[in-house]
Every structure is written in structure tokens, then in C-alpha cells.
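This briefing is a guided reading of one protein chain, meant to be followed with the sequence and the 3D view side by side. Please look at the structure first, and then work through the topics below.

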Amino acid sequence: MDASPPLSLPRTVALVGLMGAGKSAIGKRLAVRLGLPFVDADDEIERAAGCTIAEFFERYGEQEFRAGERRVIGRLLEETPHVLSTGGGAYMDPETRALMKSRAITVWLRAELDVLFDRVKKRTHRPLLRQGDPKEILARLMQQRYPIYAEADIVVESTAQPAERTTEQVLDAIRAYLQATTPGQST
């Protein structure tokens, strides 16, 4: 049904956004559609650290975690193009954000509070949400992070629609971005 030519990506596609925005769900589908590997930065960080992110935070604190996260993301961005799902706080770190901006096509999956809350309310593995009212925490994170996430190359609304539809919207947005940024491309 899609008559568009296959995309040839010069760089990794890095998905950014809050927990529950769909970075993993959309990222996996996007990778399949693009014929690229899917990499979850959090999984890679845990593998490198030899412990869970929650354990790392508890042992070494956020500053040390962000330094390790930056090293892992930097290494991943040196690899051949892939689809990279990043943790919600990764793009907030100025150095990590600069790395991502220079070496990846960044896509912010923007979601409204009710969508995010609906997606994360039954999950217990989010330490940040166990520090008070989860909906209030998400609202506060949105206020703090959305202005920074808005610096991404591409913004796609992640709504309550099926993940396949959002994936299609991300593909369309990447195609438009590449056409706008690649000299000599015709539509």
C-alpha cells in the first residue's frame, strides 16, 4: 500500500521522549520497517554496568549514571545506522544531547499526560514514579523536559492510536526531514 521508496538512512535514528511515549514499541516497529537493528540504550547501559539502572542509581547516583549513559550512547552512535531508543533523561544531559544532535536523526515522540499515564500506571519498574503521585510526577517531568525535547530534529505525536499508525507517521516525518535536508533530492 505504501508506494514510497525505501529510506536510506545516513545516520542512526534516535528516539527521545518521556517514559510511556512509545520509544521501545515504536522503535522496534520502525527498525523492522527500515530493515535496521533496534537497540535499547537502557539495555546496553545495564549490560555495560553489570546491574540494573535502578541498582546503578542507588549505588553511584545520577551524575555517575549520566556519565555512563553518555559513554554508552556515544559508542552506539559510532556504529552503523540503527534505531536507538533512549532513556527519558538521556536527552536532558547537554553533552549527550549534543552527541545525539551531531550523530543521529533525533525524533521526539511527544505524548499528552493522559496517554503517558495510561501507558505507565500498571508498570512497577519505573523508580521515578514510585516517589509520589505518578500523574503529578509525569506532569512535572513534562514541564521540565518538553522544552528540551522540542530541540529534536523531528517531532511526532504519540497518541492512543495503534503503534503501527504512529510508526507510519514517524516514517513519513523522517522521509520529509531527509528530503528537506539532503541537497539535490527530488520528491
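A residue is called buried when its relative accessible area is under 20%, exposed when that value is over 50%, and partly exposed in between. The model shown here is predicted, and Thr106, with a relative accessibility of 0%, therefore counts as buried in it. The points below begin with the chain in general and then turn to particular residues.

**The chain in general**

- The protein chain contains 7 helices and 5 strands, and, read from the N terminus on, these elements follow the order β-α-β-α-α-β-α-β-α-α-β-α.
- Of the 187 residues in the protein chain, 45% are buried, while the accessible surface comes to about 9900 Å², with 50% of that surface belonging to carbon and sulfur atoms.
- Among the contacts in the protein chain with a separation of 6 or more, 73% are between residues 24 or more positions apart.

**Thr106 and its surroundings**

- Thr106 lies in strand S4, which covers residues 104-110, and the side chain of Thr106 reaches the backbone nitrogen of Asp153 at 2.9 Å.
- When residues up to four places away in sequence are not counted, Thr106 touches Ala14, Tyr91, Met100, Lys101, Ala152, Asp153 and Ile154.
- Tyr91, one of the residues that Thr106 touches, also has a charged neighbour, for the charged end of Arg97 sits over the ring of Tyr91 at 5.9 Å from its centre.

**The nonpolar core**

- The largest nonpolar core has 54 residues, and those that touch the most other members are Leu30, Val107 and Ile174.
- Helix H3, made up of residues 53-78, gives the most to this core, with 7 residues.
- Ile174, leaving aside its neighbours within four places in sequence, is in contact with Leu7, Leu9, Val13, Leu30, Val107 and Ile154.

**Aromatic rings**

- The chain has 6 aromatic pairs, and one of them joins Phe56 and Phe65 in an edge-to-face arrangement, with 6.0 Å from centre to centre and 65° between the planes.
- Another pair, formed by Phe57 and Phe65, is tilted, with 4.8 Å from centre to centre and 35° between the planes.
- Phe56 and Phe65 are both buried; for Phe65 the relative accessible area is 3%, so this residue falls under the limit for buried.
- Phe57, by contrast, has a relative accessible area of 31%, and it is therefore described as partly exposed.
- Phe56, Phe57 and Phe65 belong, together with Tyr60, to one aromatic cluster.

- Is Arg70, which has a relative accessible area of 19%, buried or exposed? Because a residue counts as buried under 20%, Arg70 with its 19% is buried.
- Arg70 is placed in helix H3, and the side chain of Arg70 makes a polar contact with the side chain of Asp93 at 2.7 Å.

Technical notes: Residues numbered from 1 in each chain as written. Predicted model: local features only at pLDDT ≥ 70, side-chain atom pairs only at ≥ 80, totals over all residues. Heavy atoms only, no water. Helix = DSSP H or I, 4+ residues; strand = E, 2+ residues; numbered from the N terminus. Buried < 20%, exposed > 50% of the residue type's maximum accessible area, 1.4 Å probe, protein only. Polar contact = N/O pair within 3.5 Å; in protein donor to acceptor, adjacent residues only side chain to side chain. Contact = heavy atoms within 4.5 Å. Areas by Shrake-Rupley, 256 points an atom, 1.4 Å probe, with all protein chains shown as cover. Phe/Tyr/Trp six-rings, centres within 6.5 Å; stacked < 30°, edge-to-face > 60°. Lys NZ or Arg CZ within 6 Å of the ring centre and 35° of its normal. Core = buried A, V, L, I, M, F, W, Y, C linked by side-chain atoms within 4.5 Å.
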